[in-house]
Amino acid sequence: MNTEKAELFTPAPEWSGRSDGPGPEHARWHSVINQSTDSPAPVTLLGFASDEGVLRNGGRQGAAAGPAALRSALGSLAVHHAHALADAGTITTQADDLDGAHDALSDKVQELVEAGTLPIILGGGHETAFGSHRGLYRAVGATKIINLDAHFDLRRADQATSGTPFKQISELTDDFDYTVLGISRPNNTKVLFDEADSLGVAITLDEELVNLSPAECGELAARATEGKDKVHLSIDLDVLPASTAPGVSAPASLGVSYERIRAMAVAIARTGKLALVDVVELNPTFDIDNRTAKAAARLIDDIVTAHLGA
């Protein structure tokens, strides 16, 4: 990483959390993460502390504090497997230089993917997804994207925002393969639906998902991975109901229940095809009793467990 990009990078923090005693029988995230191993950990966290894209998109700022809140919520969760877990630190947008932060994020994700670990990116606004996916693209080529989200994030704009990442990704490749589960019809204009149609995006509305059982939602998500070797799973926490996830830039009036979102995320992880995960739009400023952070941490823990086959 060059000097300029190094200035955007902060090493992994000291983790903390509840401790009931030493030994693997008492293992929690904070006690096992970044333990030394002879090879790369199978899962590596990477923070992207940015809400410049949210600001540009007219949203509520605060997502830059998301990575720290997610680490705090993960810290005390019990670990029931023997696999190593790693934290690669945090990339932060300096001033309004989102392009520079994206460059640093792409470089780090490429490095992690080529090392054989699964990067889980802790956002940050959904602008996170462009930088992370570009790193994956450079490492392995075009990759299927499944986005659990109330919004398409396919906006056309003169500069990158939290509303543009998947439009930007579509311009990287002629093999753009994008599925969105949880789209809110009232929160996406006809222009965005037309853009999705022109790009061949597969869509399932929030109102369709609420009529399915969690198991049926899981089956739907697993089918979206068929014929693909690798998958980028992006989770925008604003897909959840506002009662579950109040701490986001744009709380959902309907949303898709936690049980359904969890079932879809776990089903995708169980396929063994995960190559990259983003969890974005946590805004601790507006959270209530860390409700959103805790929900997101449980999702991350369940994804990791399912991915590792534990």
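**Asking why: contacts, burial and salt bridges**

In this predicted model, the side chains of His126 and Asp149 make a polar contact at 3.2 Å.

Trainee: Why is the pair His126 and Asp149 called a polar contact?

Mentor: The cut-off is 3.5 Å between N or O atoms. The two side chains are 3.2 Å apart, so the pair is within that limit.

Trainee: What makes His126 count as buried or exposed?

Mentor: Buried means under 20% relative accessible area. His126 has 0%, so it is buried. His126 sits in the loop between β4 (118–123) and α6 (128–140). Its contacts beyond four places in sequence include Asn147, Asp149 and Asp236.

Trainee: Which residues does UniProt list for "binding site"?

Mentor: The unreviewed UniProt entry lists His126, Asp149, His151, Asp236 and Asp238.

Trainee: How do you know that they gather at one spot?

Mentor: They span 113 residues in sequence, yet no two of their C-alpha atoms are more than 10.3 Å apart, so they gather at one spot. Of these residues, His126, His151, Asp236 and Asp238 are included in the lining of the largest pocket.

Trainee: Where does Asp238 lie, and is it buried or exposed?

Mentor: Asp238 is in the loop between β8 (231–236) and α11 (258–270). Its relative accessible area is 5%; that is under 20%, so Asp238 is buried. Among its contacts beyond four places in sequence are Asp149 and His151.

Trainee: Why is the pair Glu52 and Arg56 called a salt bridge?

Mentor: The limit is 4 Å from a side-chain nitrogen of Lys or Arg to a carboxyl oxygen of Asp or Glu. Here N to O is 2.9 Å, so the pair qualifies. Glu52 and Arg56 are 4 residues apart in helix α3, which means about one helical turn separates them.

Trainee: Which parts does the salt bridge of Asp177 and Lys144 tie together?

Mentor: The closest N and O atoms of Asp177 and Lys144 are 3.0 Å apart. Asp177 lies in the loop between α7 and β6, and Lys144 in strand β5, so the pair ties together parts 33 residues apart in sequence.

Trainee: Why is Lys190 called exposed?

Mentor: Exposed means over 50%. Lys190 has 62%, so it passes. Lys190 also forms a salt bridge with Asp194, at 2.8 Å.

Trainee: How many salt bridges does the whole structure hold?

Mentor: The search finds 14.

Notes
Residues numbered from 1 in each chain as written. Predicted model: local features only at pLDDT ≥ 70, side-chain atom pairs only at ≥ 80, totals over all residues. Heavy atoms only, no water. Helix = DSSP H or I, 4+ residues; strand = E, 2+ residues; numbered from the N terminus. Buried < 20%, exposed > 50% of the residue type's maximum accessible area, 1.4 Å probe, protein only. UniProt positions renumbered as here; feature names shortened; annotations may be inferred. 1 Å grid on protein atoms, 1.4 Å probe; cavity = no way out; pocket = protein on both sides within 12 Å on 5 of 7 lines; lining within 4 Å. Contact = heavy atoms within 4.5 Å. Polar contact = N/O pair within 3.5 Å; in protein donor to acceptor, adjacent residues only side chain to side chain.
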